[in-house]
Amino acid sequence: MNLVCLVWALLGSIAFWKKAVYGYSVLDQSDSLDDVWELYKTTHNKQYSSSEEYIRRSNWNQNVEIIDKHNLEHDMDMHSYRMGINQYTDWTFEEYKTTLLGLHASSVSDDVSSRLLFRPRFELELPKEIDWRTLGAVTPVKDQGRCGSCWAFSSTGSLEGQHFKKTGKLVSLSEQNLMDCDTDNHGCNGGWMDNSFDYVETNGGIDTENSYPYEGKDDVCRYNKTSSGSTCKGHVDITVGDEHALKEAVANVGPVSVGIDAAHPGFMHYRSGIFYDSSCSHSAADHGVLVVGYGQENGYDYWLVKNSWNTTWGDAGYLKMARNVDNMCAIASHASYPLV
């Protein structure tokens with residue numbers, strides 16, 4: 001545990017128990033955490049006007065109390081995951097939802113006959129765990145910034161994985177290319193991974209990250225076929241809600257794009273452990289991410305999920321989602337991968 005985490009853990013415990021015993025929290029005394037607030041701003045490069053700082057500090061105080069309470073309950077075996085301070089701790093929950101969660105699952109075609117569906121082979125013996133990061137198929141964690149472009153990062157992640165499997169070369173691909181040129185999606189206002197795969201197929205390729213770097217805002221299309229990093233021949237959808245099919249696809253095909261329900265404070269503040277939330281939807285999704293593996297921890301199954309919120313969120317940018325628990329957060333309801 002680094003020094004910053006240790007400070008937060010100590011202050012969180014003090015705050016919660018003083019509130020329980022004396023009826024007030026350390027956080028009620030704003031001066032007591034001024035130094036830590038300054039450290040938070042420095043760590044996450046936060047700069048505000050004087051009027052905005054008051055609002056951000058208030059948001060931060062409220063979120064730290066939520067995190068402290070949850071982690072103390074975790075220590076009493078009431079939760080399977082821990083929360084932590086991150087770059088969104090000074091945001092409101094509504095700001096988090098409207099800014100980052102840009103998946104438009106409603107844009108999926110209802111014509112199942114026109115789509116390729118993954119056909120699991122139940123007789124196959126699958127590995128008990130797999131992590132495509134260790135196998136070379138996953139690029140470093142990226143950062144979508146203040147933009148609802150999660151769909152683009154999920155799309156490039158699965159394309160990068162399939163390109164690696166085909167060529168043996170891991171090439172980072174351009175989310176900005178998708179945002180600017182894919183007219184079936186909506187840039188920072190959201191989109192859908194299957195549409196991205198259709199665009200790359202029709203376009204004849206997608207640029208590399210180096211040739212078409214991410215800006216975090218919508219811009220004009222500047223695709224250049226001479227700097228294309230990968231192509232696409234179509235895509236395959238996983239049968240809705242079938243976690244076994246998703247497991248087989250991840251094991252034998254590679255990283256898979258998925259949509260999940262991430263509109264929960266626990267997801268916003270997730271730090272480590274296996275994420276489980278009984279209020280999570282089992283069908284609706286609002287955030288695009290990438291399943292890069294699966295495994296088991298302390299006897300519980302999980303999906304290994306790559307997010308696009310930098311390494312300062314979650315477990316160095318990753319999350320473990322409860323697996324085989326009634327399709328937790330709809331992780332197997334909107335899953336697909338490209339054909340390269």
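Q: Which handedness does the torsion about the S-S bond give the disulfide of Cys147 and Cys188?
A: In this predicted model, the sulfur atoms of Cys147 and Cys188 lie 2.0 Å apart. The torsion about their S-S bond is about -105 degrees, so the disulfide is left-handed.

Q: Are Cys147 and Cys188 buried or exposed?
A: Buried means under 20% relative accessible area. Cys147 and Cys188 are both buried.

Q: What is the handedness of the link of Cys181 and Cys221?
A: A disulfide joins Cys181 to Cys221, with 2.0 Å from S to S. The angle about the S-S bond is 100 degrees, and the link of Cys181 and Cys221 is right-handed.

Q: Which parts does the pair of Cys181 and Cys221 tie together, and how many residues apart are they in sequence?
A: Cys181 belongs to helix α6. Cys221 belongs to the loop between β4 (206-207) and β5 (228-230). The pair therefore ties together parts whose separation in sequence is 40 residues.

Q: Where do Cys181 and Cys221 fall, buried or partly exposed?
A: Cys181 has a relative accessible area of 10%, so Cys181 is buried. Cys221 has 44% relative accessibility, so Cys221 counts as partly exposed.

Q: What is the handedness of the disulfide of Cys280 and Cys329?
A: The sulfur atoms of Cys280 and Cys329 are 1.9 Å apart, and they form a disulfide. The torsion about the S-S bond is about 90 degrees, so the disulfide is right-handed.

Q: How many residues apart in sequence are the parts tied by Cys280 and Cys329?
A: Cys280 is in the loop between β8 (270-275) and β9 (287-297). Cys329 is in the loop between β11 and β12 (335-339). The pair thus ties together parts with a sequence separation of 49 residues.

Q: What is the relative accessibility of Cys280 and of Cys329?
A: Both values are under the 20% limit for buried. Cys280 is buried, at 3%. Cys329 counts as buried, at 0%.

Q: What is the pairing of the bonded cysteines in sequence order?
A: The whole structure holds three disulfides. Number the bonded cysteines of the protein chain in sequence order, and the pairing is 1-3, 2-4, 5-6.

Q: Which cysteine sulfur is nearest to that of Cys150?
A: A disulfide needs sulfur atoms within 2.5 Å. Cys150 is in no disulfide, and its nearest cysteine sulfur is 8.9 Å away. Cys150 is also buried, with a relative accessible area of 0%. The nearest sulfur is that of Cys147.

Q: What is the phi of Asp77, and where does Asp77 lie?
A: Most residues other than glycine have a negative phi. Asp77 lies in the loop between α3 (50-75) and β1 (81-83). Its relative accessible area is 72%, so Asp77 is exposed. The phi of Asp77 is positive, near 65 degrees.

Q: What is the phi of Ala316?
A: Ala316 is in the loop between β10 (300-306) and β11 (318-322). Ala316 is partly exposed, at a relative accessible area of 43%. Ala316 is not a glycine, although its phi is positive, about 55 degrees.

Q: Which residues does Met268 contact, leaving aside its neighbours within four places in sequence?
A: Met268 is in helix α9 (residues 265-268). Met268 is buried, with a relative accessible area of 1%. Its C-alpha is 9.3 Å from that of Gly84, 184 residues apart along the chain. The contacts of Met268 are Asn63, Asn86, Tyr88, Trp91, Thr92, Phe93, Tyr96 and Trp313.

Q: What is the volume of the largest cavity?
A: There are two cavities of 30 Å³ or more. The largest cavity has a volume of about 90 Å³.

Q: Which element gives the most to the lining of the largest cavity?
A: The lining has 13 residues, with Phe153, Ser154, Lys306, Asn307 and Ser308 nearest the centre. The elements that give two or more residues are α5 and β9. By class, the lining has four nonpolar, six polar and three charged residues. With six residues, the element that gives the most is α5.

Definitions and conventions:
Residues are numbered from 1 along each chain as its sequence is written. This is a predicted model: local features need pLDDT of at least 70, side-chain atom pairs count only at pLDDT 80 or more; totals for chains, interfaces and linings use all residues. Side-chain values use heavy atoms; hydrogens and water are left out. Helices (H or I, at least four residues) and strands (E, at least two) are DSSP runs, numbered from the N terminus. Buried means under 20% relative accessible area, exposed over 50%, partly exposed in between (1.4 Å probe, protein chains only). Contact means heavy atoms within 4.5 Å. On a 1 Å grid over the protein atoms alone, a cavity is a set of points where a 1.4 Å probe fits but cannot get out, and a pocket is an open set with protein on both sides within 12 Å along at least five of seven lines; lining residues have an atom within 4 Å of a point. Grid points are joined across faces, edges and corners, and a volume is the space filled by probe spheres set on the points. Ala, Val, Leu, Ile, Met, Phe, Trp, Tyr, Cys and Pro count as nonpolar, Asp, Glu, Lys and Arg as charged, and the others, Gly among them, as polar.
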